Protein chains: 4
Amino acid sequence: MKVSIIGTTGYGGAELLRILYRHPEFEIQSIHSTKEDLPIWKEYPHLYDVMDEKLQSINSEKIAEQSDIVFLATPSGISGKLAADFANKDIKVIDLSGDLRLPPETYLQWYKHEPVNEGLTDKAVYGLSEWYKEEIKSSSLIANPGCYPTSALLSLAPVVKENLIDPSSIIIDAKSGVSGAGRSLSRNTSFSEANENFRAYKVNEHQHTPEIEKQLLLWNKEIKPITFTTHLLPITRGIMTTSYSHLLTAYTTHQLLELYKEIYKGHPFVRIRPENSFPSVKEVAGSNYCDIGLHADPRTGRLTIISVIDNLMKGAAGQAVQNANIMCGFDDEAGLDFVPMYP
Amino acid sequence: MKVSIIGTTGYGGAELLRILYRHPEFEIQSIHSTKEDLPIWKEYPHLYDVMDEKLQSINSEKIAEQSDIVFLATPSGISGKLAADFANKDIKVIDLSGDLRLPPETYLQWYKHEPVNEGLTDKAVYGLSEWYKEEIKSSSLIANPGCYPTSALLSLAPVVKENLIDPSSIIIDAKSGVSGAGRSLSRNTSFSEANENFRAYKVNEHQHTPEIEKQLLLWNKEIKPITFTTHLLPITRGIMTTSYSHLLTAYTTHQLLELYKEIYKGHPFVRIRPENSFPSVKEVAGSNYCDIGLHADPRTGRLTIISVIDNLMKGAAGQAVQNANIMCGFDDEAGLDFVPMYP
Amino acid sequence: MKVSIIGTTGYGGAELLRILYRHPEFEIQSIHSTKEDLPIWKEYPHLYDVMDEKLQSINSEKIAEQSDIVFLATPSGISGKLAADFANKDIKVIDLSGDLRLPPETYLQWYKHEPVNEGLTDKAVYGLSEWYKEEIKSSSLIANPGCYPTSALLSLAPVVKENLIDPSSIIIDAKSGVSGAGRSLSRNTSFSEANENFRAYKVNEHQHTPEIEKQLLLWNKEIKPITFTTHLLPITRGIMTTSYSHLLTAYTTHQLLELYKEIYKGHPFVRIRPENSFPSVKEVAGSNYCDIGLHADPRTGRLTIISVIDNLMKGAAGQAVQNANIMCGFDDEAGLDFVPMYP
Amino acid sequence: MKVSIIGTTGYGGAELLRILYRHPEFEIQSIHSTKEDLPIWKEYPHLYDVMDEKLQSINSEKIAEQSDIVFLATPSGISGKLAADFANKDIKVIDLSGDLRLPPETYLQWYKHEPVNEGLTDKAVYGLSEWYKEEIKSSSLIANPGCYPTSALLSLAPVVKENLIDPSSIIIDAKSGVSGAGRSLSRNTSFSEANENFRAYKVNEHQHTPEIEKQLLLWNKEIKPITFTTHLLPITRGIMTTSYSHLLTAYTTHQLLELYKEIYKGHPFVRIRPENSFPSVKEVAGSNYCDIGLHADPRTGRLTIISVIDNLMKGAAGQAVQNANIMCGFDDEAGLDFVPMYP
């Protein structure tokens, strides 16, 4: 299968290259960016002598002709327009941005810029691979989930779907590495100000809030607005979501872990940790795993769930390739057999 | 005033030296450790040519004779025994460990080792400087608060005391730099495994839980068990506590900030941030400040409070010196006028 | 004495504020920047509740009237013009940039922009405090040394002046924290690309090369062009220079250390480490110290000198204040009694 | 081919697992350690659900019977003894330690413990893959090179062999990430003391000095003792060696780069950077590449060479697998097609 990448110079694009370069089924057909004609290694010297490809301009007509799949690793606001361009062409589209994940009015409210046409968002399948595998298989347009939502949703799905927690009690305290902010420059992501630092940002305003709520509601219509706080970790890669909720019945940690293991059986990228073991972000670095640990506290009746992913892998490019695998009928793990890089 | 330090080779001890070296009212009389006769700069080369003092053995008789104040920067389990030794001597004692903060049975349950005599804990005043100033002033034995409790309690006190939040709704998601784990070696605090990593630890089992609950209950007897999660940040210094609770009435962010400013007026080390500004840990590094920002979310009815301290300063040595200042009738800020080191 | 700062929003300016805020002899009269009217804490939230000052426009007439000393913490290219403005006014000027350190033609060659008038550079005294104390005392215009040159020159001065090394053999391998690159944004200083990374930059092209050579030649006219390599460390503060040279006679490490101690006797900010002890950058963090360790290797006949400073302190703002102290007849250490912040 | 690993719980062992898990030609037969019976994921949770293998005791008889290749990832002092055990057995042995790299008397002098039998070191082939491919192919005992020597030797080989530099002028300023120090705990490698720090260590005493000198002398018998300084970088992975030497004739940077490209043609893991481009350590992270950039300075007549590797890959496990590939007649790149993980 021939794949193309648009928006190759961002971190999502670079990670797609890292994966696709050695993917057994996909071949990189072309890479695109506004930095036309630049060899990719000039933008990313780690690719020197690995890839000679030059960045090409973004010509959707030509891309659709030459490729079977296109990954949109472009920013919100641009991805949506490109997805519309590709809408009636014979090509599978996977959009890594937030443009296709929300209904237009919600998008406008949280993203503060023009939404895409409603028809397009209706057509797009939400690419949370473990939960929408059948829909992904038969779709040609994927809204690849956000990094925070992937970690939060995979870790909350079982208790939300099984109605085990108070639907008005969900609080998600999330922490992300700096690469999640992308490659554009800003003071808060400059080394001197992010290093040896830790900050909360977009408190109660993060655009991933409605994305998480939308999916939780699809699983359990009683879910009430969640509290979602995002923090910037002084690391490059990795997300942890620490979720709190009130258990409706006094399930033990053991019982809940059994449930999680049962639900995620056959899903190789979700690893449910044994009792008293909680994952750290480095334990999934460079891999497509989502690791989940949890503890039910009899003292408070609350459930604490710890979930980690590599934000550029399962939180972006890794899940995008997983979805491409599913769309093409390949094994979920094709080209994604990265063992976490530790230490 | 002549001061001595016991347990000088830990990070709390080293930070006491940094502060006391240039304190206008205190003079370092002697420093003590089990590493008898070692010049302190051999243990801490950053003190070379600054301090020539040698570490001395721990002789409480002699220390009490020669000093006006003694800081116990020794580990839990040892501090309590030393505090008992000094109990009937004419010397002010400030213990930085957890040994004097809890009733014996609670201590045993959470610390898993032998508590001190109940009489001693009864006598000790909890040194949360901003809230127990009068008691500290007239005491000769201070249980200096833990790092996490200092950040959590200063940020929760106003809404807990004023009964503005649901007393059963408190969740504290806490993050600490590695120096909080002390100077003894462990795999989780080794560079290769803590760097580029983030982990939760002691989930629902951290020994600061009962310390926080005890104080909250003193302020509001309706308080129910809290959920308290601790995480290890890949930074050396700094704590952030992100606290969640349910507002009983629909106070606005603005109203709450006004309340906080009113309550902390005259307390120079608590800085209440303006609306839409949230503190980051680097913004207090090396200083004795506790910075607090908050947001009341009308969507959820929840209050999010962000509070940061330098765990070795306001979370340990800084607050200890602040308490010593109070005990001796000096200005809170004496010797503590450190501007945060940024960047 | 009343002092003003121009270029307050850069890291050098912020560090001047940290020092001057608690300096016993200097009072901050006014702070200046192109960001007129902005309260400084909006630019630097760590100063919230500490300093209420607003940034003022740069009016040299008014500054000279109201202040005794002005610090130019402005970038190269701007500082020189400001220094010219102040040249005939009754005010002491300390320029932290490179604009006054080199003869015009050399400046043009290495800095690639317009030099200041030669008269001005001739008038400026090179503010390497330990070596030009008398000249600084009687000057009103100081070219404050660069960060790398400070570390390199203090550590090479004794052997160069005493003619102990082959004058054509000097190689300086230098490493700096990211704050040395200033506060303007760039890809190489963004967190995601500087973190967990280490890179050489400006190989054989760094503008501090001629500054170092100029001073070495003043001490020993046989000195030949040096090799000087700069690298970017993934830390915020700190410089290490590792210098290599060939010993002309077989001095031992011990003999050389004795010489260094003798030469730097009475200079409190230069700490000569004992044999077999080499300084690390964290051991001077936040302080004005320059720590030096060395080793003469009988196997090779070469001398290795390790020297560390905090680039924002002894490498910029700290030395600038030290020079201001000297100019005003105060003790070198006035307001600079910072114990290194460790860990 | 069936491979076994002894010393699996160190970082070299863990990295071997990461590589071998997905190697197309090798199958992990058994893993060994003194921590008998422990499932490997309990030691390394990042391997949870990836590898179920238990650590086995070290029985050389049984290992030799069941495996075709054994990797010794054990510490110096232990590896040598194990290599002797395997000496007469029908198994290929690759030792990652320093035990087989030096003649006994040199080993004793620099490593300060008992050397192995001279016959064994004589039999061992030095596994610098690019330079000893033929010898490796026909050998059954490999002394896998040290991390620093790999970076230094690959970058110096062309000019040393071609006699382009003054043989008495070599200075290597080396910097390594903390994982190079292994997994045992020490104060200098604890997070709080290594983070935001940079230190020189073992100045003129590092045990890799004679290893580098031995190989340089094999290439050019005029080589004199080198100066070699090692520093600890606050990163987990990565080595940079910055090498200085005096050019005998005035070769240009361009000419030297052409020579390097010519010499390393056909060696996929050595990437010679174009003029004015210097590699950073992150640009090879997680991969088996050694990237080299250089600059000949007409001002000084000196050559500066910058070389980077991932110390756990090309500096240890990666090169070990490359050697195993060579020994078995596989492509050098088999199982080593990792694109660097950036950012």
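How many residues of chain A are in contact with chain B? This is a predicted model, where local features need pLDDT of at least 70, side-chain atom pairs count only at pLDDT 80 or more, and totals for chains, interfaces and linings use all residues. Residues are numbered from 1 along each chain as its sequence is written, chains are lettered from A in the order in which they are written, and side-chain values use heavy atoms, leaving out hydrogens and water.

**View 1. Chain A meets chain B.** Here 47 residues of chain A are in contact (heavy atoms within 4.5 Å) with 47 residues of chain B. Together they bury about 4,000 Å² (accessible area, 1.4 Å probe, lost on being put together and summed over both), and carbon and sulfur atoms give 50% of that.

**View 2. A salt bridge between chains A and B.** Look for A:Lys175 and B:Asp173, whose side chains pair up at 3.1 Å, N to O.

**View 3. Chain C meets chain B.** Contact here links 34 residues of chain C with 34 of chain B. The buried area is about 3,300 Å², with 64% from carbon and sulfur atoms. C:His46, C:Val339 and C:Met341 supply 21% of what chain C buries against chain B, more than any other three residues.

View 4. C:Arg22 and B:Asp337 join through their side chains at 3.6 Å, N to O.

Key: Buried area is the accessible area (1.4 Å probe) that two parts lose on being put together, summed over both. A salt bridge is a side-chain nitrogen of Lys or Arg within 4 Å of a carboxyl oxygen of Asp or Glu.
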